[in-house]
Protein chains: 2
Amino acid sequence: MLRVLSVAAAAAPRLPRPCAPPGPLLLGLLSRQVRAAAGSADAERGSVLKTPKGTRDHHPAQMALRERLFRTVVTCFKRHGAAAIDTPVLELREMLMEKYGDNSKLIYELQDQGGELLALRYDLTVPFARYLAMNKITNIKRYHIAKVYRRDNPAMTRGRYREFYQCDFDIAGQFDPMIPDAECLKIVHEILSELQIGDFLIKVNDRRILNGVFAICGIPESKLLTMCSTLDKLDKMPWEEVRSEMVGEKGLSPEAADRIGEYVQLHGGMDLIEQLLQDPKLSQNKLAKEGLGDMKLLFEYLTLFGITGKISFDLSLARGLDYYTGLIIEAVLLQQENDHGEESVSVGSVAGGGRYDGLVGTFDPKGRKVPCVGVSIGIERIFSILEHRMKAAGEKVRTTETQVMVATPQKHLLSARLKLISELWDAGIKAEMMYRKDPKLLKQLQYCEDMGIPLVAIIGEQELRDGVVKLRDVATREEVDIPREELAAEIRRRLKP
Amino acid sequence: MLRVLSVAAAAAPRLPRPCAPPGPLLLGLLSRQVRAAAGSADAERGSVLKTPKGTRDHHPAQMALRERLFRTVVTCFKRHGAAAIDTPVLELREMLMEKYGDNSKLIYELQDQGGELLALRYDLTVPFARYLAMNKITNIKRYHIAKVYRRDNPAMTRGRYREFYQCDFDIAGQFDPMIPDAECLKIVHEILSELQIGDFLIKVNDRRILNGVFAICGIPESKLLTMCSTLDKLDKMPWEEVRSEMVGEKGLSPEAADRIGEYVQLHGGMDLIEQLLQDPKLSQNKLAKEGLGDMKLLFEYLTLFGITGKISFDLSLARGLDYYTGLIIEAVLLQQENDHGEESVSVGSVAGGGRYDGLVGTFDPKGRKVPCVGVSIGIERIFSILEHRMKAAGEKVRTTETQVMVATPQKHLLSARLKLISELWDAGIKAEMMYRKDPKLLKQLQYCEDMGIPLVAIIGEQELRDGVVKLRDVATREEVDIPREELAAEIRRRLKP
């Protein structure tokens, strides 16, 4: 469907002249569009000629890339039997406000214009839990791809926006331990492999193990969440710095910090799990023991899936959100893009998720729990990486799927063109023509080259008399007369994938 | 892809029991979901357990229907060579506020949380014009399918919501008259035909003709827009009532109203155009003459497309929005659904659009114009009609695309299931299994019937020893042993469309 044309030899992007009569539609190079999307200087001329801070338009070439990414993600979700749902972008403010801890300040609130107090959703997980409780659904495997909103500090070159897509897959229901959890990891593995964005590592941990570690190191439960957020920095700074934040800002004793350090710097696979199960202190902690038992089960299932090579049990993984209760997941890219100085793409996490067994219960009037586990694919970061990579490679992407251009070689043949293109549309052929009475043949052919249209159906006076259409291959320039009634079938035959 | 299963014999909808261990995923009948979507009494128990007024969740069966509609619409837009774009849901408040006349009061505004003043988009047309001006694009054929927001009075059974999808196709650029306009009508004709929602009529008029009619009837230009909104009621009430509103509320003289009445009750095709071109008064009006000339051209092109049978030149068509400058379009269904009393679906317009040559210029710092024409498909109303129709017919819709269920007939075979399903996923097969260690075979088969899964891959001790998998056809109950390495190919062969 989507064809990526290599244009190594392409010079400056071909742009339509302002109001040039039969000019080609816009087919900018990605580079131009990246600049425009980042908010060009031009945009400041007219005061309203910009998109809100942290948001952007998507140009056709960007949409073509985005559609390809979505197709890969959705295909995987459907392969695993998920159904689609949708929830409103707007939610009751009250419903959202208590769910994100400190991050609630990042929620966009609507003005009170009479009626309910509303806000824009911050993620897809809390609305999903609201959906389950409201509809008394105790059992569903669903995906949801939609925009969410955060009044965050945008970092647009790294793919961090205030309006961005989330691609979520979640399994809700009471099941045997770690079977749905293992499937979530399989899904992340499949998607990151298929997108070919480079080598990746999927880190896993368990909130219960973390809690156990903190407990045996003598950290009060009240400090647990703040410790998690400090701990999360271990992938960006060395242990010494994290330790000094714990001791300095967070008021931990140096001894407690050192005890934590012994654990959280550990990462590995089944060996590490076995080692910790033998750990005299940790194995005495009930929560940690449960978590380690489940982690062992998880690695057994992941071994059957053949994906343990890219999974790391990492005791430093904490993840910020309050609602996780068991397994936590985060996938990171190992090979960073590193092209041209300021434009280099620095991305970290490209997927995340975990188990949240308590969230639905907070919505249910009777507190009934629905255990859930899910993952979210960080599609915006992946999009940034691939966009920059295509730009670096000078790749041009087709923004339309047009199969044939209906063209006339002489004047006064608009009627013939309209009649023929109508026949082709009715036969399901993707066809375009110039919106001019008498376009020059050269312009029509040029348009095909610009837009990557592979075929031209030329109908002139001679062809009309003979009841044929001249079918031209844009690449080879070969032309063949085809009986008019066979044209659609011939086009379909030539463009068979 | 989407299979609609007929369940004439189905009794009560099969629902998962609360927390029943291996219960089937939700596959409710549409009827149940319609009730839930309309806001059931249950939702009021928990105060936050509802969606905001005029919004709704989409359940899997609704999403399956919605996806089918979108696919039809997008396929048509792509057949006509359109590229996709996307713009943010949020826009600068200032940009939106002046564009919708009286309707501006329906715009959702965001709270001032510091930074820019924002609002939710009201339609996709004004953001499109902002996009063209901001990026200096003078030439594009694009489609955009996305949600828009209006603080309107919701009428949810008739498909009127506060959050709803628009499906827009627009052609921007300086071209020869009426060629893009004719294509817009062809697109509406194709989509409404393909969706099979019943007989329809596409009404067309031209703002210039309307202006001319008002002018020769002696109506001052200041009253033009308010007259249009009164006139728009002619499809819901008889001329006498419209006339009395014009004379009473709008202060028109009875003579002027009668003169208008002579024109706006006219509708027809090429004959009417010719008749009006001969009209001694109207043909003297420059604007009307231009409009009539273009309307004649349009009908010539529509004749070549073979679609004049469903097009009506209707002088009562006015359309509310300020920004139209030429052709205006509105498609209505002729046969209304009329099933069970209160639940009957009353829908009017299912598509609308027109030419707006001035809108982009209002954004451009130098006022440069980009002529535009476009149509918007009223997908929510069409969705309502089809949803009610499926409900009336008791149709059940598959919500997933799972091809095969991986099942085991004995205990202690979880590993075998995990290994086999992993092989199938890696081969691109859509496969599911129960998230239980030892599910009963009957439960696994029942799940297939509930979810419409056509095949079961059964792997037991004997099959493991023989290196085969028993492939069962759910409908016929036939079972055949297939060598394990040929399983994926066999499943693909059996389910070939």
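Residues are numbered from 1 along each chain as its sequence is written, and chains are lettered from A, with ligands numbered from 1, in the order in which they are written. Because the model is predicted, local features need pLDDT of at least 70 and side-chain atom pairs count only at pLDDT 80 or more, whereas totals for chains, interfaces and linings use all residues; side-chain values use heavy atoms, with hydrogens and water left out.

Side chains of opposite charge can pair when their charged atoms come close. Over all chains, the structure holds 74 salt bridges, a salt bridge being a side-chain nitrogen of Lys or Arg within 4 Å of a carboxyl oxygen of Asp or Glu. One of these joins the side chains of A:Asp86 and B:Lys147, with a distance of 2.8 Å from N to O. This pair crosses between chains, from A:Asp86 in the loop between strand E2 (83–84) and strand E3 (90–92) of chain A to B:Lys147 in strand E5 (residues 140–149) of chain B; helices (H or I, at least four residues) and strands (E, at least two) are DSSP runs, numbered from the N terminus. A:Asp86 is buried at 5% relative accessibility, and B:Lys147 is buried with a relative accessible area of 9%, where buried means under 20% relative accessible area, exposed over 50%, and partly exposed in between (1.4 Å probe, protein chains only).

Within chain A, the side chains of A:Arg368 and A:Asp364 meet in a salt bridge of 3.3 Å, N to O; A:Arg368 is partly exposed at 38% relative accessibility, while A:Asp364 is buried at 10%. In chain B, the closest N and O atoms of the salt bridge between B:Lys233 and B:Glu245 are 3.0 Å apart. Because B:Lys233 lies in the loop between helix H7 (224–231) and helix H8 (239–247) of chain B and B:Glu245 lies in helix H8, this pair ties together parts that are twelve residues apart in sequence. Salt bridges that share partners also join A:Arg79, A:Lys186, A:Glu190, A:Glu194 and B:Asp426 into one network.

Strand pairing (at least two bridges found by DSSP between two strands) links strand E16 (residues 455–458) of chain B to strand E17 (residues 468–473) of chain B in the antiparallel sense over four bridges, with B:Arg472 in E17(B) as the bridge partner of B:Val456. Five bridges join E17(B) to strand E18 (residues 479–483) of chain B, also antiparallel, and here B:Val469 has B:Ile482 in E18(B) as its bridge partner. E17(B) and E18(B) form a hairpin with five residues between them, and B:Arg477 in the turn has a positive phi of about 65 degrees.
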